[in-house]
Amino acid sequence: MNREQLKTIFWLRWRLLCNQSSRSHGWGVVIAVIVGAGAVLLAGGGFTGALLLGVFGLAHVPPLAIMGIWAGITIVFLFSWMIGLLAELQRSETIDLQRLMHLPVALGQMFGINYIVSHFTPSIVVFVPIMLGLVISRGLEMVLLIPLALSMVFMITAWTYCLRGWLATLMSNPRRRRTVIMVITLAFVLAGQGPNLYFNVLNRQDRFAHPQAAQSARPEVMFHHLIAAQGFFPPLWVSVGAQGLAEGRVWPALFGTLGCCGIGVLGLRRAYRSTMRFYYGVTGGLAAGRIKPAVAAARAPAGTAGSRSQFLELRLPGVPEPAAALALATFRSLLRAPEVKMAWASSFIVTLIAGASLLFRSAPTMPEAAKPFLATGTVVFSVFLLVQFFANQFGFDRDGFRTLMLSPVDRRLVLLGKNLACAPIGAGFGLILLGLITLRFHLPPFELVAVIFQLAALLLFAGLAGNLLSILVPYRIQSGSLKPTKMPGLAMLVMMFCHLLFPLAMTPVFGPALVELLWRQLGLPAAVPVNLILSVLLGALAALLYWQTLAPLGRLLHRRETKILSVVTVEVE
C-alpha cells in the first residue's frame, strides 16, 4: 500500500467520526475533548507521581521491596486489563478489513494499524506512564527495565488481540456464540472472585481453627508463594528483572525482555494468520454451520415447538392480553440474545458468589438495628444490576421496534409489557440475595415481608424512571454485545448521571427502616411493625404513581416513536 491509499483510508475514518459527532449536535466533540484531556491528565499525573515517589520515597529501599512494588503494579495492571477485556470480548476493528477486500490494499498494514490503535485503552494510558516514571526515578541502573516493561505490555496486548480474533471467529457461528460468551463470562467472573472464594469459603476452616497464627503467617506465606511463582508467570518477569537490576544483575532483565518479545511476536503472528483466514473464509469449519435438511427439521419433536408456542400464549393474571403478549415475547427475545444472557449470567454469578461469601463467613456480630438496612441494600443492589435494561427498553429491539410502532396496541400497554419483561430478573436476583441474608442473619418475618414490599416498590420506581428515559434518550445496542451504537452525547451524559445518582434516588426505600429505628430509639411500643406498615404504604404509593403515569408516558411515546425508530434502527458506518 502506498501513502496515498493510506492517507485516503485515514481520511475516510476521520470523515466517519466527524459525521457521527455532527449527528450528536456537538456533544460528541465535547465528550471526546473531555475524555482526551482526562487521559492526558491521568498519564501526566501518573508519570509525575511515580517519578516523585521513586526519587523521594524509594531511593534507599532494598531490592526485595522493589520486586514487591513492581509485582504489585503488574498484578493491578493485569486486573484492570481483564476488566477491559470482559467489557469488550470481541475485537473492535478501527478499520473494517472486510470492507477493503475488494480494493488493492495490503491487509497486513491495516491489521497493524488496528493493532496499534487497540493500545489506546485506560489501562495502558494509566500504567505505562507510571512504569516509566518509576524507572526514570532510579537513574541509569534501572534503564533496562523500560524495554522489559514495554515488552510485557506488548506480550499482553498481542495475545489479547489474538484471543479477541479467535472469539470473533467462534462467534460467527450462531450455535457457538451463546456458549462461548457464557463460558468466557463465567471464567472471568470466577477468576476475579477467586481470592474471595479462597479466603472466605475454602480457607475458612484453617482460619477459624487458628485465627491468630493464620493472621500473622498469611502475608509472609503469600509473599513467598509469589516469589516462587514469578519465574513461571511471564508477566511477573518484570518484577524479577527489577530485583535483579537493583542487585546489579542485568541478565534477568535481558532474558525477560527477550522472552516477552518472543511470546508477543508469537501471539501477534497467530492473530494475523487467524485474522487473514477468517476474512478469506478459511476458518477450519468453526464458522461454517451445517444446515439441517428439511426432512430432519420435519422430524423434529413437536413438543419443542408446542412448548414454545404455549409459553407465548400464557395469560398473566390481571394483565391485559396485549401487554402480556408483549411481555412474554420480549422476555423470550431477551433470553435468546447472547449479550443479555451474558449480562444476566454475570450478575447472577456475582450475586451467588457475594451471597456465598457472606453466608460462609464467621458468625456475624451485626447489631439488630442494622439488619433491616442490610436487607434493603441487597434488594437495591439487585435492581441496580438492571439499570441498563430499564433505562433503554427499546434499544435492544433495533429493527423490531418498527413492529411496535405499526401495531394498534395502546402505547401504555407497550410500556407495561416492557416493564413486565424485565421484572422477573430483578425480582429473582433480589429474592435470592434476600433469602441468603435471611438464612445468615435470621431476619424476623415482619422484616422479610417488609423488604419484599420494598423490592416491589423499587421495581415500580425503576419501571417508571426507565420508561421516561427510554422515551427521551433512546440509543441502539449493538447486536452481539452491550456496547451502544452511535450513542448521542446527550444520552451518554444522561446515562452517566443516572448511574451516579442511582444511590441517591433509592434513598426513600430506606425510609421505613429509618423510621422504625427512630421509633425504637424514642422508646415507643416495639410490637408495632413500623417497617412493614410503611413498606406496604410505600409499595402502594409506588403502584399508584406508576399506574397514573402510564397513560401520559404512553402519549409521550406515541409522539416520539418516529424519533426513537430513527435512533434504534440506525446502521453502523
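A salt bridge here is a side-chain nitrogen of Lys or Arg within 4 Å of a carboxyl oxygen of Asp or Glu. By that rule, the count comes to 7 salt bridges. The model is predicted, so to speak of local features takes a pLDDT of at least 70, side-chain atom pairs count only at pLDDT 80 or more, and totals for chains, interfaces and linings use all residues. Residues are numbered from 1 along each chain as its sequence is written, and side-chain values use heavy atoms, leaving out hydrogens and water.

**Salt bridges**

- E516 and R520 pair up through their side chains, 3.2 Å from N to O.
- These two sit 4 residues apart in helix 23 (residues 511–521), about one helical turn; helices are DSSP runs of H or I, at least four residues, numbered from the N terminus.
- D397 bridges to K418, with the closest N and O atoms 2.6 Å apart.
- That pair links distant parts of the chain, 21 residues apart: D397 lies in the loop between helix 18 (387–390) and helix 19 (401–406), and K418 in helix 20 (residues 411–441).
- K371 and E368 form another salt bridge, at 2.9 Å from N to O.

**Buried or out in the open**

- Buried means under 20% relative accessible area, exposed over 50%, and partly exposed in between (1.4 Å probe, protein chains only).
- E516 is buried at 7%, while R520 is partly exposed at 33%.
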